[in-house]
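Dear colleague,

I am handing over the structure below, and I would be grateful if you could read it alongside the notes that follow.

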Amino acid sequence: MLCALLATLLVPATFTLHAPDATKVAWAGDLTGWGTPKPMERRGDTWSISFDLPDHARTEYKFVIDGTWTLDPKNPKTPNGLGGENSVWEGPAYRRTAKDGQPKVPLVRTEFTMPSKLVPARTVTLFVPPGRHRDLPVLILGDGKEYETWARAPQIVKNLIDERKIRPVVLALVPSPDRMKEYWRDAAPYSRFVAEELLPELRRRAPVSKAAKDVYLGGASLGGLIALTTAAQHPELVAGGVLSQSGAFWTLGDLLAQRRFGV
């Protein structure tokens, strides 16, 4: 245990902001759960706060200046899954490990319009491993365009398949015209859409397994939330696991205590 602790090198992470006209500045991010911004200390016209973080850590955050959420002009920014952006801090030993380069033989990409009696119609992007397959697992990701454009999910999945780190899998990227409503405020219709309409259509168009253990859901922020809540509401159809990236779990109450998921 002691060796494991010693192997983690902590480094100081100091965040500063020049804001001479501000009366109150706080730091909010992954480290504070976002909902409880931590006050920053003022010295003259500059506000600062420091943390001791693992040298391989990565964290997203924003400043809250007199109630206004603001990006840090000194650090890079990244999409936050809510239609906006967050600032990013990366430790000196942080390394991106996902291989997102173009594979030699990519997944076969198709698009189709998915009508629904439960939610608005949308264009689903489907990626299928080349060659002959049957009974493949399926990974359904919310925020479809973002996972293709920003996260390069199809390339990462195919590279993992080629390296035999995962078995061949069908990837379905599903966008949302109103993620605040569909993923959170009125999530039941979208969850039913995935379980009752989308899954049967994916099995009609691709060699997707009919077993619940081969169905995986994923997403970021509210997308991670709807992935978990859909699996909770339809465990007989979705039992493979949940991929949640910075899931908005503060909305869940005691749901996590009721069931076990591969989060």
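Strand β11 and strand β13 (residues 170-174) pair in the antiparallel sense over 3 bridges, where strands are DSSP runs of E with at least two residues, helices are runs of H or I with at least four, both numbered from the N terminus, and pairing requires that DSSP finds at least two bridges between the strands. Within this pairing, T125 has L173 of β13 as its bridge partner.

Please bear in mind that this is a predicted model, in which local features need pLDDT of at least 70 and side-chain atom pairs count only at pLDDT 80 or more, while totals for chains, interfaces and linings use all residues. Residues are numbered from 1 along each chain as its sequence is written, and side-chain values use heavy atoms, with hydrogens and water left out.

Strand β10 (residues 108-114) is also joined to β11, by 7 bridges and running antiparallel, and there R109 stands opposite F127 of β11. Of the 7 residues of β11 (residues 122-128), 6 are buried, that is, under 20% relative accessible area, with exposed meaning over 50% and partly exposed in between (1.4 Å probe, protein chains only).

Helix α6 is mostly covered as well, with 11 of its 12 residues buried, among them L222, G223 and A232.

Finally, D214 lies in the loop between α5 (188-205) and β14 (215-220), and D214 counts as buried because its relative accessibility is 6%. Beyond its neighbours within four places in sequence, D214 is in contact (heavy atoms within 4.5 Å) with D135, P137, V138, R167 and S209.

With best wishes
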